[in-house]
Amino acid sequence: MTYTEEWVTTRARNAYERGRASFDVRPEKAALLVIDMQDEFVRPGWSPYWVPAATRMAPRLHQLVEQCRAASVPVLWTIFDDTHLGLDRPHALRFLPHADTDWRRPGPAEVWARMGHHPDEAVIRKPSYGAFYDTPLDTMLRNLGRDTVIVTGTLTNYCCGTTARQAYERGYKVVFGSDVTATDDESRQEPELAVLRKGFALVLTAEEITNRLTAAAPASEDEERANVA
């Protein structure tokens, strides 16, 4: 067979627009990552880094958090914070437009209160975009016996997208929430989802994630006894 330019372009376009990874999403093997839903990104008007789309999608993400808790899926939160006096942060950040204001946090970064973080859920304070960079996240997931991560939060094409790529490279199955992630320019949302869809993750809506977790939920002891009877 001769692979024409039209053939390979069509194949790529189909994968970007409609591709679906083929793995199952099982609650006993999954963990929900809530990336950087913190005051400076989600609290309206509080900082120059506010992401209005993140504020709008926060109720939907909060609902997914509750559904994951109900399905015994661990919820792990991350915070983009000033750690180790900034000595662990990539030095190049200071030269980039992303850091072009003199605004500084008045104190340690915190999960936005309306997200309803529970005290018994771990918060990982990270120094850069990806949640695996110089953090214990990989160890935590392996200790929990989880091989699948559900990535949600903000920014879609920075911290969330980088985390998805890092998870993929470490051998995790990656689920990426298409409507429970948000970025600061909404025209950038779909292009990032397209790349993840083709090469890194199973891209699903919050409803699709919930449906898959519910459909794959392990049977209770009563249900197993009934099936045996």
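Student: Does Leu 193 count as buried or exposed, and what is its relative accessibility?

Tutor: Keep in mind that this is a predicted model. Under 20% relative accessible area, a residue counts as buried. Leu 193 has 4% relative accessibility, so it counts as buried. This leucine is found in helix H6.

Student: Which residues is Leu 193 in contact with, leaving aside its neighbours within four places in sequence?

Tutor: A contact is read from heavy atoms within 4.5 Å. Leu 193 is in contact with Thr 156, Phe 176, Ser 178 and Val 203, when neighbours within four places are left aside. A distance between C-alpha atoms is a separate reading: for Leu 193 and Thr 148 it is 18 Å, and these two are 45 residues apart along the chain.

Student: Which other residues of H6 are buried?

Tutor: Besides Leu 193, the buried residues in H6 are Gln 189, Glu 192, Ala 194, Leu 196 and Arg 197. The buried residues of H6 pack against helix H1 (5-18), H5, strand S5 (173-182) and strand S6 (202-204).

Student: How do I read the packing of H5 and H6, and at what angle do the axes cross?

Tutor: Take the axis of each helix, then read a distance and an angle. The axes of H5 and H6 (residues 189-199) come within 11 Å and cross at roughly 5°. Angles under 35 degrees count as roughly parallel. H5 is therefore roughly parallel to H6.

Student: Which residues of H5 and H6 meet?

Tutor: From H5 come Thr 156, Asn 157, Gly 161, Ala 164, Arg 165 and Tyr 168; from H6 come Gln 189, Glu 192, Leu 193, Val 195, Leu 196 and Gly 199. Sorted by class, the contact of H5 with H6 has 5 nonpolar, 5 polar and 2 charged residues.

Student: What is the angle at which H3 and H7 pack?

Tutor: H3 and H7 pack at an angle of about 5°, and their axes are 10 Å apart. These helices are therefore roughly parallel to each other. Arg 60, Leu 64, Gln 67 and Cys 68 in H3 meet Ala 206, Ile 209, Thr 210 and Leu 213 in H7. The residues of this contact divide into 5 nonpolar, 2 polar and 1 charged.

Student: Is Thr 210 buried or exposed?

Tutor: Thr 210 lies in helix H7 (residues 206-215). Its relative accessible area is 16%, so Thr 210 is buried. Not counting residues up to four places away in sequence, Thr 210 touches Leu 64 and Gln 67.

Student: How many aromatic pairs does the structure hold?

Tutor: For a pair of rings, read the distance between centres and the angle between planes. The structure holds 7 aromatic pairs. In one of them, Trp 46 and Trp 103 have ring centres 5.6 Å apart and planes at 75°, so the pair is edge-to-face. Trp 46 lies in the loop between H2 and H3, and Trp 103 in the loop between S2 and strand S3 (123-126), so the pair ties together parts that are 57 residues apart in sequence. Trp 46 counts as partly exposed, at 28% relative accessibility. Together with Tyr 49, Trp 46 and Trp 103 form one aromatic cluster.

Student: Which residues does Arg 165 or Lys 198 sit over?

Tutor: Here a charged end is read against a ring centre. Arg 165 lies over the face of Phe 200, at 5.0 Å from the ring centre. The charged end of Lys 198 sits over the ring of Tyr 16, 5.3 Å from its centre.

Student: What is the value of phi for Asp 36 and for Ser 72?

Tutor: Phi of Asp 36 is near 55°, a positive value in a residue other than glycine. Phi of Ser 72 is near 60°, also positive in a residue other than glycine. Asp 36 is in the loop between strand S1 (30-35) and helix H2 (39-42), while Ser 72 is in the loop between helix H3 (52-70) and strand S2 (75-80). Asp 36 is buried, with a relative accessible area of 0%, whereas Ser 72 counts as exposed at 55%.

Student: Is the peptide bond from Thr 154 to Leu 155 cis or trans?

Tutor: Read omega for this one. The bond from Thr 154 to Leu 155 is cis, with omega near -5°. Leu 155 lies in the loop between strand S4 (148-154) and helix H5 (156-169).

Methods
Residues numbered from 1 in each chain as written. Predicted model: local features only at pLDDT ≥ 70, side-chain atom pairs only at ≥ 80, totals over all residues. Heavy atoms only, no water. Helix = DSSP H or I, 4+ residues; strand = E, 2+ residues; numbered from the N terminus. Buried < 20%, exposed > 50% of the residue type's maximum accessible area, 1.4 Å probe, protein only. Axes fitted to C-alpha atoms, helices over the stretch in contact; angles between N-to-C directions. Parallel < 35°, antiparallel > 145°, perpendicular 65-115°, else oblique. Nonpolar A, V, L, I, M, F, W, Y, C, P; charged D, E, K, R; others polar. Phe/Tyr/Trp six-rings, centres within 6.5 Å; stacked < 30°, edge-to-face > 60°. Lys NZ or Arg CZ within 6 Å of the ring centre and 35° of its normal.
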